[in-house]
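Here are a few notes to read alongside the structure. Keep the viewer open and find each spot as you go.

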Amino acid sequence: MWAALFPGQGSQKVGMGKALYEAFLEAREVLDRAEAVLPGLLSLMWEGPEEALTLTENQQPALLAVGYAAYRAYLAQGGKPPALAAGHSLGEWTAHVAAGTLELEDALRLVRLRGRYMQEAVPPGQGAMAAILKLPLEEIQAALQGLEGVEIANLNAPEQTVISGRKEAVEKAAERLKALRARVVFLPVSAPFHSSLMAPARERLARELEGVPFRKPLFPVYSNVTAQPVEDPGAIKELLLQQITAPVRWVEILKDMERQGVRRFLEFGSGEVLKGLVGRTLEGAEVLSVTDPETLRKALEVQDA
């Protein structure tokens with residue numbers, strides 16, 4: 001039993017998806033459709049500059065397009081559909097495109113706006129995010145008590161948690177956590193994602209979602225908000241909005257998948273971020289990242305073994 005995983009922001013890199021485009025007709029079709037919706041996206045993905053690709057409103061549709069292209073190429077080469085799927089933050093949108101919940105064109109347009117609205121929700125320099133390493137979640141939560149303006153944003157691995165909020169509050173929290181011997185790494189992001197400061201973005205995106213058709217997914221897709229699979233189209237739409245301000249409960253998602261019987265994970269798209277998080281969360285789990293023709297072939301070999 002295997003599950004499909006789709007990465008979020010931070011997995012992008014210049015050149016992403018080009019080898020898949022050149023090797024597989026299905027990947028080419030997906031990426032050509034993305035280019036038709038967002039002209040210039042492919043040249044940005046393949047030629048950069050990196051600074052422009054890293055902009056939230058650009059990297060979100062780029063990651064969605066490449067993740068779906070890799071997944072479609074995998075199926076076309078004989079890969080079987082997953083039993084379950086999940087995506088990390090933005091990746092949840094990719095998972096729903098793969099599951100047929102919404103059309104690629106709608107998703108690309110929406111995540112471009114999602115990224116733009118998230119960027120515009122907080123003026124530059126006023127927000128911050130930091131990864132807290134080598135400290136359990138319970139100790140982080142205790143250290144944040146009584147400190148306003150900072151929240152838990154991502155529960156990525158048992159000892160990798162991300163905090164988000166107003167810059168001064170995040171810096172104060174970082175000092176507290178360093179005193180507990182935590183390793184603190186400030187993230188090079190442009191806004192305090194997955195915090196209540198993103199509420200304006202959620203409200204703006206809600207208006208864009210009106211009238212966009214959502215279908216029941218072909219396989220269950222986990223919500224970052226509830227850490228449970230959701231199949232009702234109305235609930236999926238609402239949870240994708242809530243996700244903008246809610247923490248990403250990735251550890252709980254992976255552990256629930258393991259309880260359901262998942263032993264193999266395939267990460268589709270760019271980079272190996274989720275492969276690393278699975279390795280730090282689930283002992284003995286088999287995980288591969290499908291990013292190019294070679295890794296795709298390896299994934300097919302594992303399936304047939």
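1. Phe265 stands opposite Val287 in strand S10. Keep in mind that you're looking at a predicted model.

2. Zoom out from that spot and you'll see strand S9 (residues 264–268) running parallel to strand S10 (residues 286–290), with 5 bridges joining the two. To get from S9 to S10, the chain passes through helix H13 (residues 273–281), and this β-α-β crossover is right-handed.

3. Now for the rings: there are 8 aromatic pairs. Take Trp2 and Tyr74, which sit edge-to-face, 5.6 Å centre to centre with 70° between the planes. This pair links distant parts of the chain, since Trp2 is in strand S1 (residues 2–6) and Tyr74 is in helix H5 (residues 56–76), 72 residues apart.

4. Tyr71 and Phe219 make another edge-to-face pair, 6.5 Å centre to centre and 65° between the planes. Tyr71 counts as buried at 2% relative accessibility, and so does Phe219 at 5%.

5. Which residues do ring pairs link into a cluster? They are Trp2, Phe6, Tyr71, Tyr74, Phe219 and Phe268.

6. One last thing to look up: the charged end of Arg28 sits over the ring of Tyr21, 5.8 Å from the ring's centre.

Definitions and conventions. Residues are numbered from 1 along each chain as its sequence is written. This is a predicted model: local features need pLDDT of at least 70, side-chain atom pairs count only at pLDDT 80 or more; totals for chains, interfaces and linings use all residues. Side-chain values use heavy atoms; hydrogens and water are left out. Two strands pair if DSSP finds at least two bridges between them. Helices (H or I, at least four residues) and strands (E, at least two) are DSSP runs, numbered from the N terminus. A crossover is right-handed if, with the strands pointing away from the viewer, the path from the first strand over the helix to the second runs clockwise. Rings of Phe, Tyr and Trp (its six-membered ring) pair if their centres lie within 6.5 Å; planes under 30 degrees apart count as stacked, over 60 as edge-to-face and the rest as tilted. Buried means under 20% relative accessible area, exposed over 50%, partly exposed in between (1.4 Å probe, protein chains only). A charge sits over a ring if NZ of Lys or CZ of Arg is within 6 Å of the ring centre and within 35 degrees of the ring normal.
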